[in-house]
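Subject: Handover of a structure and notes on its contacts

Dear colleague,

Please find below the structure that I am handing over to you. My notes on what was found in it follow directly after.

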Amino acid sequence: MLRIAVPNKGSLSDPASRMLAEAGYRQRRESRELVLVDADNDVEFFYIRPRDVAVYVGAGTVDVGITGRDLLLDSEAPAIEHRGLGFARATFRFAAPGGQNMTIADLQGKRIATSYDSLVTNYLATHGIDATVVHLDGAVESSVRLGVADAIADVVETGTTLRAAGMNVFGDPLLESEAILIRRGDEISHDLQILDGRLEGVITARNYVLMDYDIERDKLDLAVRLTPGYQSPTVAPLHDEDWVAVRAMVDRKKMNKVMDDLHDVGARGILVTPILTSRI
């Protein structure tokens, strides 16, 4: 039975559970549930603190887990990233009052408040910066105003919270983070391959749609250039021998532009269908 660690709270929790549900796995109905056995899929879910997921996976207590890339790197646990999951994207940045004109070099000798001690310490060491890392459990935005630190390092999604606290980001991002599936070691079991295939199918379904349309045969090449599909489009004859029906996977973000362009080259009856899941 595959043992999977899932974040029990925070910004990773609900999206992770939704993705697993879309992949065909049972998920808990109440937040108080800490363990759930999905006998039909031969998996067992453990709902634990997001920061502890990498620790449990690294120790071999569970087989795989879902966490953030930032949390994995900060944990320094012997676990490795298996797959990016495409949600909970965020950027890890330095920030300070009036920080627009600052550089990383300006952190020399300063105090930096963060909840990600190891990540920040390793980054500073890599760049030859000698600074004091001040550990805080959340709400680091107020640390400068309270005199605890000179700058902060934290996950930034929109920057609204930082600006409200009178802070501005500076320097290059320390890290581009997102939710990831992690594992321990290089061996990939058959059970993990099944889980990975299902999650990949959900990610693909979220990023693509199916597009169907009719096109005259002599314009087919023009249309196929617009809809090359994941590998190749499906082309089928119609009752009118001068026309064919085409079906192809199209990038969801580009679908409306593709529909406009298809119509311009003569395609008609253009329809878009969402994909629930897939195997590629």
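Which exposed residues does the face of α4 turned away from its buried side carry? They are Ala125 and Thr126. Please bear in mind throughout that this is a predicted model.

Helix α4

Helix α4 spans residues 117–126, and its buried residues are Leu119, Val120, Tyr123 and Leu124. Viewed down the axis of α4, these buried residues fall within an arc of 125 degrees, so they line one face of the helix. In general, an α-helix has 3.6 residues a turn, so residues three or four places apart point the same way. The cover over the buried residues of α4 includes α3, β6 (90–96), β7, β8, β9 and β10 (168–177). Just after α4, Gly128 adopts a positive phi of about 70 degrees.

Salt bridges

The structure contains 13 salt bridges.

Arg206 is bridged to Glu22, with the closest N and O atoms 3.0 Å apart. This pair links distant parts of the chain, since Arg206 belongs to helix α6 (residues 190–207) and Glu22 to helix α1 (residues 13–22), 184 residues apart. Arg206 counts as partly exposed because its relative accessibility is 31%. Glu22 is also partly exposed, at 37%.

Glu81 and Arg69 form a salt bridge through their side chains, at 2.9 Å from N to O. Here strand β5 (residues 80–84), which holds Glu81, is linked with helix α3 (residues 69–75), which holds Arg69; the two residues are 12 apart. Is Arg69 buried or exposed? With a relative accessibility of 16%, Arg69 counts as buried, whereas Glu81 is partly exposed at 34%. Arg69 and Glu81 also belong to a network of salt bridges that includes Arg89 and Glu178.

Asp150 and Arg111 meet in a salt bridge of 3.2 Å, N to O. Asp150 lies in the loop between β8 (132–135) and β9 (151–156), while Arg111 lies in strand β7 (residues 111–114), 39 residues apart. Asp150 is partly exposed, at 31% relative accessibility, and for Arg111 the value is 31%, which is likewise partly exposed.

Aromatic rings

How many aromatic pairs does a search of the whole structure find? The search finds 5. One of them joins Tyr208 and Tyr230, whose ring centres are 5.7 Å apart and whose planes stand at 70 degrees, so the pair is edge-to-face. Tyr208 is in strand β12 (residues 208–216) and Tyr230 in the loop between α7 (220–226) and β13 (234–237), so the pair ties together parts that are 22 residues apart in sequence. Tyr208 is partly exposed, with a relative accessible area of 24%, and Tyr230 is partly exposed at 38%.

Annotated domain

The unreviewed UniProt entry carries the annotation "domain: Histidine biosynthesis HisG C-terminal" for residues 205–275. Over these residues the chain is 28% helix and 41% strand, with the end C-alpha atoms 5 Å apart.

With kind regards

Technical notes. Residues are numbered from 1 along each chain as its sequence is written. This is a predicted model: local features need pLDDT of at least 70, side-chain atom pairs count only at pLDDT 80 or more; totals for chains, interfaces and linings use all residues. Side-chain values use heavy atoms; hydrogens and water are left out. A salt bridge is a side-chain nitrogen of Lys or Arg within 4 Å of a carboxyl oxygen of Asp or Glu. Helices (H or I, at least four residues) and strands (E, at least two) are DSSP runs, numbered from the N terminus. Buried means under 20% relative accessible area, exposed over 50%, partly exposed in between (1.4 Å probe, protein chains only). The arc is that of the directions from the helix axis to the C-beta atoms. Contact means heavy atoms within 4.5 Å. UniProt positions are given in the numbering used here, feature names are shortened, and annotations may be inferred rather than shown by experiment. Rings of Phe, Tyr and Trp (its six-membered ring) pair if their centres lie within 6.5 Å; planes under 30 degrees apart count as stacked, over 60 as edge-to-face and the rest as tilted.
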